[in-house]
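Me: I have a structure to go through and some terms to sort out. Can we take them one by one?

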Amino acid sequence: MKKKYRMGVVGLGEGRSIMSAALLSERWELAKVCDLNEELCRERAREFDFHDWTLSYEEMLADPSIDVTAIYTPDQLHFTHIRQAVEAGKHVICTKPVLPSLDDAPALLELMRGTDRRLFIGQSTRWFEPMLRQRRDFEAGRHGELSVVEAWYITDGRWFLDKGWSRRSGFSWFHNFMIHAVDLVRWYLPNVSEVSGYALTSANTKAYGLDAWDSLRFVARNDAGQIAVMSGDYAIPALGQNAQSSIGCVLRGTAGSSRAEYSNLAYYTHFAGEKPQVRRFDDKESYYFRFENRSHHAGEYQNYIEYFAECLDSGAAPLPDAREAVQTLALMEAMARSAKRGGQPVRLDEVIREYGL
């Protein structure tokens, strides 16, 4: 019988989804949850009939029976919470982005080099059904030699700014939203070497008193000449799921092309020797979307905690790990520099050298 791992969760806003995942998993036992907001703890206790909660992260870390700490706190707290968990002997799951910038990246990499604990970054979009099917086809070589990757995250996210904490200084559509598209690109082109692009802040975001890019377009390539396109819009009206999925990934190769979508449960393919096809997974709607208005996609969390358990069983490094997550942030830093320089190309190695990565 495979080991059942015990999980503690800190941050019960986004942590709602991983609570659901752990409670329904045969590989995990939800041991304790934590948040500074007592009313939120009580709300989750009522929702899940789970009552082992605390307001003290230190108390949760002191429980020797907890194998893994799952971190869903604000971005600027991630490094501190990861370090505390690792020093307490816990493996770690951390939501994206692992860090709000590259400032703590060298320290994070040093921390993980000095421990046998595992850090797994919950890039949830990789774990949506159409993206999983696309990845299997890619790994089976059905696309042939890859030419182009296109990824986007386009949604009218102004509802997000109705949350008071989101309007604090430092809020970034770029790091909190577009990172999904950037991660999908790096999943298929991990060796991107150069990027250029543009970004702007619309009047809609400025109306909330924020100066945060909300429309972004970038083109990247690697030294082999393969191309990536990344797009994002976050504060202007969207066309709706029937016209355009909010998140998508297109792979175009010499033997075939495919498009995986979120939140549409649809996967489009055209491979050599086949007619164009669409596969739908509407029967999995209730698995992926368990809460009102699709506000939490808990099925993705279910998939990735099962994967993490398998990695812990075998001793394999879960991906994305700290190094892969930091490389994604380095690409995003290069993208930001290009936008600030009026679209001039920026080499990724410029960022790597500067931060000693």
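Me: Which residues does S246 touch, not counting residues up to four places away in sequence?

Reply: This is a predicted model. In it, S246 touches W152, Y153, I154, T155, Q241, Y262 and S263. S246 is found in the loop between β10 (227-233) and β11 (247-253).

Me: Why is S246 called buried?

Reply: The relative accessible area of S246 is 8%. Buried means under 20%, so S246 is buried.

Me: What makes the pair S246 and Q241 a polar contact?

Reply: The side chains of S246 and Q241 are joined at 3.4 Å. A polar contact needs a pair of N or O atoms within 3.5 Å, one able to donate a hydrogen and the other to accept it. The pair is therefore counted as a polar contact. A polar atom of the S246 side chain also lies 3.1 Å from the backbone oxygen of Y262.

Me: Which residues of α1 and α10 meet, and how do they divide into nonpolar, polar and charged?

Reply: From α1 come S17, I18, S20, A21 and A22, and from α10 come A298, Y301, Q302, Y304 and I305. Seven of the residues in this contact are nonpolar, three are polar and none is charged.

Methods
Residues are numbered from 1 along each chain as its sequence is written. This is a predicted model: local features need pLDDT of at least 70, side-chain atom pairs count only at pLDDT 80 or more; totals for chains, interfaces and linings use all residues. Side-chain values use heavy atoms; hydrogens and water are left out. Contact means heavy atoms within 4.5 Å. Helices (H or I, at least four residues) and strands (E, at least two) are DSSP runs, numbered from the N terminus. Ala, Val, Leu, Ile, Met, Phe, Trp, Tyr, Cys and Pro count as nonpolar, Asp, Glu, Lys and Arg as charged, and the others, Gly among them, as polar. Buried means under 20% relative accessible area, exposed over 50%, partly exposed in between (1.4 Å probe, protein chains only).
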